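Have a look at the model first.

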Amino acid sequence: MAEILAWTDGACSGNPGPGGWGVLMRAVDGGVVVKERELQGGEADTTNNRMELIAAISALETLTRASDITITTDSAYVKNGITGWMHGWKRNGWKTADRKPVKNVDLWQRLDAAQARHRVVWKWIKGHAGHAENERADELARAGMAPFK
């Protein structure tokens, strides 16, 4: 059975401003890439954090059946939110520890629902540090932003 790997990234010019997201997905079987897919998109008026979230959501929502997937992101916001902060937010009715509404709650809830169908391992890597797959996800995000600049 192939392992699914995804690298996600978001970009924004202005923050808020025009933004884009990108995803590089690979199915790997025995160390060999058997399928590769690239996703991208953008919005005219958004934030970098929203684009990072949409990239991760898109990776999960594009899968047609329950899967084992490793998502690698350079966004500490996404990684920390999904693996740590979200548990408290949900317990507190989607409010932060200081009882303020969670920012981007619509996307956090969508990400929560999207990951519920899968077995997800979340990894964080430093962005713009020479990781080829992360650099490709960044290129896709910038391409997704281009029509809105």
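Strands β1 (residues 3–12) and β2 run antiparallel, joined by ten bridges; strands here are DSSP E runs of at least two residues, helices are H or I runs of at least four, both numbered from the N terminus, and two strands pair if DSSP finds at least two bridges between them. Ala11 sits opposite Gly20 in β2. The β1–β2 hairpin has four residues between its strands, and Gly14 in that turn has a positive phi of about 115°.

On to the next partner: β2 also runs antiparallel to β3 (residues 32–46), with twelve bridges. Val23 has Leu39 in β3 as its bridge partner. Two residues lie between these strands, and Gly30 in this hairpin takes a positive phi near 60°.

How covered is β2 (residues 17–29)? Twelve of its 13 residues are buried, meaning under 20% relative accessible area with a 1.4 Å probe, protein chains only.

## The whole chain

This is a predicted model: local features need pLDDT of at least 70 and side-chain atom pairs pLDDT 80 or more, while totals for chains, interfaces and linings use all residues. Residues are numbered from 1 along each chain as its sequence is written, and side-chain values use heavy atoms, without hydrogens or water.

Four helices and five strands make up the tally, in the order β-β-β-α-β-α-α-β-α. Of the 149 residues, 48% count as buried. The C-alpha trace spans about 45 × 35 × 30 Å along its principal axes. Among contacts (heavy atoms within 4.5 Å) between residues at least 6 apart in sequence, 65% join residues at least 24 apart.

Methods: Buried means under 20% relative accessible area, exposed over 50%, partly exposed in between (1.4 Å probe, protein chains only).
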